[in-house]
Amino acid sequence: MKVRLAATAALALALTACAPSTSSPSSTPSDGGAKTGTLKVWLFDEPNRAPKEKVVNQAIAEFTAAHPGTKVDLQYIAVETRSEKFKGAFNDPAGAPDVVEYGNTDLPEYAAAGGLADVGPIVANWAEGSGLSADAKATATYQGTLLGVPWYLGVRALFYRTDIFSSLGLKAPTSIAELTTDAHTIRSRQPSLYGIAVGGQYTYAAMPFVWDAGGDITSINSPQSRAGLKAYTDLIAPDNCPPQNCADLTGGKTVDLFASGKAAMGILGNFNRAAVDAGVAKGKYAVVPLPGSKPGSIAPAFAGGNNLGIMRNSRRPALAADFLTLLAGQKYQTAMYDAMGNLPTLKPAGDAVAAKDPFLKPFLDAIAAGTRFVPLNPGWGKVDSGAVLPTMIEKVATGKATVDQATDEAAAQIKADLG
Amino acid sequence: MAGRTPLWLLLPAVVVLGALFGYPMWQLGLLSVLDFRQAQVSGGQPTHFVGGANYGTLFGNGQFWSVLVATVVFAAACVVATMVVGAGLAVLLTRVSRVPRLLLSLAAMAAWAVPAISGSTVWAFLFDTDLGLVDQVLGLHGYNWFYDRYTGFALVGAVVVWHSFPFVMVTLYAGIEAIPKSILEAASIDGAGTWRTFWRIMVPALRPVLTIVVIQSIIWDFKVFTQIYVMTRGGGLAGQNLTLNVWAYQQAFASSEYGLGAAIGVVMTVILLVVTLFYLRALRRSGEPL
Amino acid sequence: MKTRFLNAVAVLIALVVIFPIYWMVLVAVKPPGEIQSLHQRPWTVRPSLAAFRRVLTADDFGRYLLNSVLVALVVVVLSGLLAFLAAVAVTRFRFRFRATMLVLFLVAQMVPVEALTIPLFFLFRDLGATVPGIGLNTLGSLIVVHTGFTLPFAIWMLRGFVAAVPSELDEAAQLDGASQFTILWRILFPLVAPGLAATSVFSFIAAWNDFLFARTFIISATGNQTLPMALLVFFKPDENDWGGIMAASTLMTVPVLVFFLLVRRRLVAGLGGAVKD
């Protein structure tokens, strides 16, 4: 009988809650919240986390020493599950963290959900804040509000095999046209190699071609965008990288091809250095910025990277701000570079690591030449998860559609998704 | 024990299922007629009623229909293949010696135990264009199994069958073992071959088991996700290997379009329900009560 | 002669079926240079445990393992018990909406789970406010949700097993004055037990392999993470850490295999029971 009663009660409870539940937005304590207690921090997990952990633990020790009565509860979250974790944190403030690391392409989605706090005033009052470039700040800004501090950048450039280039009498390409002829030369002289490894799913390698031609994601069917896209898809051809092998390659697979010696060139990131050095290409390659179509120019690179932000629901925003500025400061940006190879976003930190490590020069040159970003629109997540751009590239590469058809189709989809 | 409705026996299960499904399913129906995205979930923006707009978006999308057709054909092929392989191997098990039987059932159980994500990854690695053992052994240097839509689907289907045939095999084998030996012997004295014995004696005896095995296979294979997502890197070249569940994930869930996602969920449920009811009715016609 | 041929066929098929699993373990112990190779060898002369070491250094590995085992075992027991009671109800009794109810049990499995996670998330958040222990961030929430999701299938499976027990048995006991409770536990339960072994395999695998609910419900309580969640960081095919992926996969498969071996005998004996409907 008791059971039946409980069941009836449970049922009644369920039925009264008719409308879909939502969370009521709570606001940040205006006085900055408690100055002691536990600060919850989420950082991304990495397959090889130990070096990152060491640096972060050092920062935590410094932070707790300076803030008596505080504790930092640090949790590493898998990149794979970030979406559920963040949604969960927005929907259940009780379990939410104070300081978070997030991918800069996820910004519009989190911003539209109203999950992140404005850190503009914090950065304005932070001595080291002036070291952030406008391009870097743009990757953390949504509709005029700064919603995070760029923590590190990942930038791609052109990796090429010095041994193959010198044996064929080639020089590092200084324009897209040169890059293309070099690729054809390599493929025709050494048919077992791909000239340059390019992939249909590797959007961040294709976009620089489009941006360089004067196009953009939001105008993907403009004549400029089409010209840039064509320059990229022309490389997915039997005379360089056959569609059968390359049409569905992801960025990671092109790293694989370059590292294992199957490709003479590749568009890889500064973060791929360890992977390349683990393969046969080790010690036999050099890096230059990806050239643009004009000889001597640099194609705009995609400014990927991660930001540190403060959750809007944080109960300890002042404490969170102190921790954020410590971890995002020059000292720990430099330490993170040494540990993980993450490119600093603060100019002084960048200069410091470049002086130590000449490998970084082409990447920093690419940043200096100007970087570009995805549309800052909450609909971008839909364009991305719907694989609109890869589908477009793959259709052209496999001959399923012409450049005009594929770009028109993609443009319509992007327009619908971005609203 | 027969008599009035056995409430006290059913109640625990009904309470759990009612709370876990009744209420969320009601919400699902409700969400499918609302404009409901992450901003609404977090309370940043108000929800509003959009009527059939989510369904309109869905049915007006040409890709939905082509993906639906591909899903139905792919699922049907997987169900048939799983049943044929599972039943064939179950019969084989009854006719081999102890050691081969043990080996085959252990191998099948191991395949059953492997998580879908791991199984898909290792198969994809075996058939990798450059690093795959299969391409290297067969001398197909640089052959990409996922370039062609049909070889891609066939390979994913093989992995689906690899994961799901053990359930069918073990279940049917146990069923065949439970058929009294005298009946099988009588059939063999009457001169019935393996084929005839299977259809005339085993299948009718196994009907209750077959019912649930077939229904479960239909549900699982129609909703296949992991194998497609992992092996074809999210739907294949230009989306040629998309199935409904992966498509729904890309179109709705990955970008928090809960209203649209709920509409897709409702449509998928209705399709599966119709298929199941159709199947159950066909069974009832042939004299098998539920 | 014929048996020998069939034996050979069976062994050959067993080898084909097991081969991907062999490859999984092999790649997990291969040194990296041999994995990224254009000449794959089906063996290795320099096995290395480096990949396993990398995976096992995930902090609190033991705790995650324990959490996963705990959730899976409690789900197996709860789901088996509730399904047993319900299966008796739908086979031994005729009542209105019986067939409808059986179909309804299946409907739950037809919805794509992603579509249900948002309503379920709010359900558990609100439940947690009234019933401590099954709210968000608790292992209780995972136990409840997996019990629910494995129940329909378990009921359908057990239905066959209960039906296989001749109803004369419980009628005779009833005439002897046994209570319903006694009939249930002393007569039906022991006879259906092998069937429970069979359904437990499904419940165990479903609860063990779950990523979706674990990642949705366990938001911030690190101590309540399950093993697959801790290993998920290695499942990044784009980072080409094949050794790490395969080592993590191997570690996830082993406990299920152990569970399989424990219930194997009963499993085959049990599944047969479902036939004599």
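## Sheets, helices and interfaces

In this predicted model, chain A contains an open sheet of six strands, whose order is β2-β1-β3-β12-β6-β13 and whose pairing is mixed. Because β2 (70-77) and β13 (343-344) of chain A stand at the edges of that sheet with a single partner strand each, one side of each is left without a neighbour in the sheet. The partner of β13(A) can be followed in detail: strand β6 (residues 149-154) of chain A is joined to β13(A) by two bridges, and the two strands run antiparallel. Within this region A:L153 stands opposite A:L343, the latter belonging to β13(A).

Chain A also holds an open sheet of four strands, again with mixed pairing, in which the order is β8-β9-β7-β10. Here the edge strands are β8 (194-197) and β10 (285-288) of chain A, each of which pairs on one side only. From one strand to the next, the twist of this sheet averages 20°. A:Y194 has A:A263 in β9(A) as its bridge partner. Packed on this sheet is helix α12 (residues 251-259) of chain A, which touches β7 (156-161), β8 and β9 of chain A and whose direction makes about 135° with that of β9(A).

Two packed helices are described by the angle between their axes and the distance between the axes. For helix α19 (residues 388-397) and helix α20 (residues 403-418) of chain A, the angle is about 170° and the axes lie 9 Å apart. Since angles over 145 degrees count as roughly antiparallel, α19(A) and α20(A) are therefore described as roughly antiparallel to each other. On the α19(A) side the contact is made by A:V388, A:L389, A:M392, A:K395 and A:V396, while α20(A) contributes A:V403, A:A406, A:T407, A:E409, A:A410, A:Q413 and A:I414. Taken by residue class, the contact of α19(A) with α20(A) comprises eight nonpolar, two polar and two charged residues.

Chain C is built from other elements, with twelve helices and zero strands. Its C-alpha atoms fill a box of roughly 75 × 70 × 30 Å, taken along the principal axes. How many residues does chain C place in contact with chain B? The contact involves 82 residues of chain C and 81 residues of chain B. On the side of chain C that touches chain B, the elements giving two or more residues are α1 (2-29), α4 (61-92), α5 (98-110), α6, α7 (139-164), α8 (167-175), α9 (180-208) and α12 (242-273) of chain C. The one that gives the most is α1(C), with 15 residues. By class, the residues on this side of chain C divide into 59 nonpolar, 17 polar and six charged.

One helix pair across these two chains can be examined separately. The axes of helix α13 (residues 258-285) of chain B and helix α6 (residues 113-130) of chain C come within 8 Å of each other and cross at roughly 125°. That angle makes α13(B) oblique to α6(C), and the crossing in which α13(B) passes α6(C) is left-handed. The residues that meet are B:Y258, B:G261, B:A262 and B:G265 in α13(B) and C:E114, C:A115 and C:I118 in α6(C). This contact of α13(B) with α6(C) is made up of four nonpolar, two polar and one charged residue.

Chain C also touches chain A, in a contact that takes 24 residues from chain C and 26 residues from chain A. At least two residues of the side of chain C that touches chain A are supplied by each of α6 and α10 (212-217) of chain C. Of the elements on that side, α6(C) gives the most, with four residues. The residues of chain C that face chain A in this way divide into ten nonpolar, seven polar and seven charged.

A last point concerns confidence. Chain B averages a pLDDT of 87, and 96% of its residues score at least 70. Among the elements of chain B, the lowest mean pLDDT, 73, belongs to helix α2 (residues 38-41), and the highest, 94, to helix α4 (residues 62-95). Where pLDDT is low, the predicted coordinates should not be read in detail.

Methods. Residues are numbered from 1 along each chain as its sequence is written. Chains are lettered from A and ligands numbered from 1 in the order in which they are written. This is a predicted model: local features need pLDDT of at least 70, side-chain atom pairs count only at pLDDT 80 or more; totals for chains, interfaces and linings use all residues. Axes are lines fitted to C-alpha atoms, for helices over the stretch in contact, and angles run from 0 to 180 degrees between N-to-C directions. Angles under 35 degrees count as roughly parallel, over 145 as roughly antiparallel, 65 to 115 as roughly perpendicular and the rest as oblique. A crossing is left-handed if the near helix is turned anticlockwise from the far one by less than a right angle, and right-handed if clockwise. Two residues are in contact if their C-beta atoms, placed from the backbone, lie within 7 Å. Ala, Val, Leu, Ile, Met, Phe, Trp, Tyr, Cys and Pro count as nonpolar, Asp, Glu, Lys and Arg as charged, and the others, Gly among them, as polar. Two strands pair if DSSP finds at least two bridges between them. pLDDT is the predictor's confidence in each residue, from 0 to 100.
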